[in-house]
Amino acid sequence: MENNGASQSPFKKYFGRIAVTAILFLFAVLVVTVGVFKAVFVAALTGLGFYIGAMLDDKDTLRRFLDNYIGRQ
């Protein structure tokens, strides 16, 4: 039996649109409440935290990073 996507929930089907819209909405609220530079600072730290978390989740990526920038020459 083929699944042509008709039985998918709207959240799964439009996850990218929903996620990016929510993120940009939160960024807009930050800009309005605390200002542009503070909002950019919060967004930058959030992105950095996501990147570091992704590296910690993937042990091979972390090992390559440590070898390239800290380690064995």
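These entries record what I looked up in the structure.

**Entry 1: the model.** I noted that this is a predicted model, in which local features need pLDDT of at least 70, side-chain atom pairs count only at pLDDT 80 or more, and totals for chains, interfaces and linings use all residues. Residues are numbered from 1 along each chain as its sequence is written, and side-chain values use heavy atoms, with hydrogens and water left out.

**Entry 2: the chain.** I found 4 helices and 0 strands, where helices (H or I, at least four residues) and strands (E, at least two) are DSSP runs numbered from the N terminus. The order of elements from the N terminus on is α-α-α-α. I read an accessible surface of about 6700 Å², of which 68% belongs to carbon and sulfur atoms; the areas come from the Shrake-Rupley method with a 1.4 Å probe. Of the 73 residues, 3% count as buried, that is, under 20% relative accessible area with a 1.4 Å probe, protein chains only.

**Entry 3: helix H2.** I looked up H2, residues 15–34, which has 20 residues and reaches 28 Å from its first C-alpha to its last. This is close to the 28 Å expected at 1.5 Å a residue, the expected span being 1.5 Å times one less than the number of residues. Just after H2, Gly35 takes a positive phi of about 110°.

**Entry 4: Ala39.** I located Ala39 in helix H3. Is Ala39 buried or exposed? Ala39 is buried, because its relative accessible area is 0%. Leaving aside neighbours within four places in sequence, I listed Phe27, Leu30, Val31 and Val34 in contact with Ala39, contact meaning heavy atoms within 4.5 Å. Ala39 and Ala28 stand 11 residues apart in sequence and 8.5 Å apart in space, C-alpha to C-alpha.

**Entry 5: H3 and H4.** I examined the axes of H3 (residues 36–57) and H4 (residues 59–69), which come within 5 Å and cross at roughly 105°. Axes are lines fitted to C-alpha atoms, for helices over the stretch in contact, with angles from 0 to 180 degrees between N-to-C directions. H3 and H4 are therefore roughly perpendicular to each other, a term for angles of 65 to 115 degrees. Met55, Leu56 and Asp57 of H3 make the contact with Lys59, Thr61, Leu62 and Phe65 of H4.

Definitions and conventions:
Angles under 35 degrees count as roughly parallel, over 145 as roughly antiparallel, 65 to 115 as roughly perpendicular and the rest as oblique. Buried means under 20% relative accessible area, exposed over 50%, partly exposed in between (1.4 Å probe, protein chains only).
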